[in-house]
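Colleague: I have the file open. Can you walk me through the packing and the charged pairs?

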Amino acid sequence: MTAHAALLVIDVQLGAFDGVRRRPIETPERFLSTLKRLIAAARHQHLPVIFVQDNGEPGGAFEPNTPHWAIHPHLAPLPTEPVIQKRKASAFHESSLPHLLKERHISELIICGLHSRSCVAQTALDGIRRGFSVRMVADGHAPAPERPAMTRAQLNDGFRAQGMDVLPSDAVIERMALR
């Protein structure tokens, strides 16, 4: 892990957990616990934590300015941590993320969040295409409940095949401490 790494927390919003506008993700408590540990470790090591918030469609799970749109309160950003707004699957698409990463001299992205086969995958692949080193947290992403056909292990194998370093959260946290 380099000194120029950042933790990117993608779309961990209440609409994925509350069951109102879509089925909630599986094992939400374990997922939130993993992300909470990652965020705490990054903050402890003074790594930037960047949150991404999906501005979804009207009536959708992440409709802006509704309770479902809010970042989950168990993972609330600190006032100094940026929250990037996005409208497409990739957090790089028409957002302030590229500028923010360049401004902070970030070259390595540690990625976690929702949903594995869409926003997480698209952001990670765009990161690789833009020259970033991408580390996927193996147990730090979750598929959309509507698309659970692939297991997390299969998804992680696919991420590895795309050139990502895929490590479990414990190993990521350990590496954060060694930097």
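Modeller: One term to begin with: a nonpolar core is a set of buried Ala, Val, Leu, Ile, Met, Phe, Trp, Tyr and Cys residues joined through side-chain atoms within 4.5 Å. Buried means under 20% relative accessible area, exposed over 50%, partly exposed in between (1.4 Å probe, protein chains only). This is a predicted model, where local features need pLDDT of at least 70, side-chain atom pairs count only at pLDDT 80 or more, and totals for chains, interfaces and linings use all residues. Residues are numbered from 1 along each chain as its sequence is written, and side-chain values use heavy atoms, with hydrogens and water left out.

Colleague: How many residues has the largest nonpolar core?

Modeller: The largest nonpolar core has 29, and Leu7 and Val9 have the most contacts inside it. At least two residues of this core come from each of strand E1 (5-10), helix H1 (28-44), strand E2 (49-54), strand E4 (108-114), strand E5 (133-142) and helix H5 (169-178). Helices (H or I, at least four residues) and strands (E, at least two) are DSSP runs, numbered from the N terminus.

Colleague: Which one gives the most to this core?

Modeller: H1, with seven residues.

Colleague: And what is leucine 7 in contact with?

Modeller: Contact means heavy atoms within 4.5 Å. Leaving aside neighbours within four places in sequence, leucine 7 touches Leu38, Ile39, Ala42, Pro48, Val49, Ile50, Ile110 and Cys112. There is also a second, separate core of 27 residues, including Phe92, Ile111, Cys119 and Val120.

Colleague: Charges next. How many salt bridges does a search of the whole structure find?

Modeller: It finds 11, a salt bridge being a side-chain nitrogen of Lys or Arg within 4 Å of a carboxyl oxygen of Asp or Glu. In one of them, glutamate 63 pairs with arginine 21, with the closest N and O atoms 2.6 Å apart. Glutamate 63 is in the loop between E2 and strand E3 (83-86), and arginine 21 is in the loop between E1 and H1, 42 residues apart.

Colleague: Are arginine 135 and glutamate 108 buried or exposed?

Modeller: Both are buried. Their side chains form a salt bridge (2.7 Å, N to O), with arginine 135 in strand E5 and glutamate 108 in strand E4. A network of salt bridges links Glu108, Arg135, Asp165 and Arg175.
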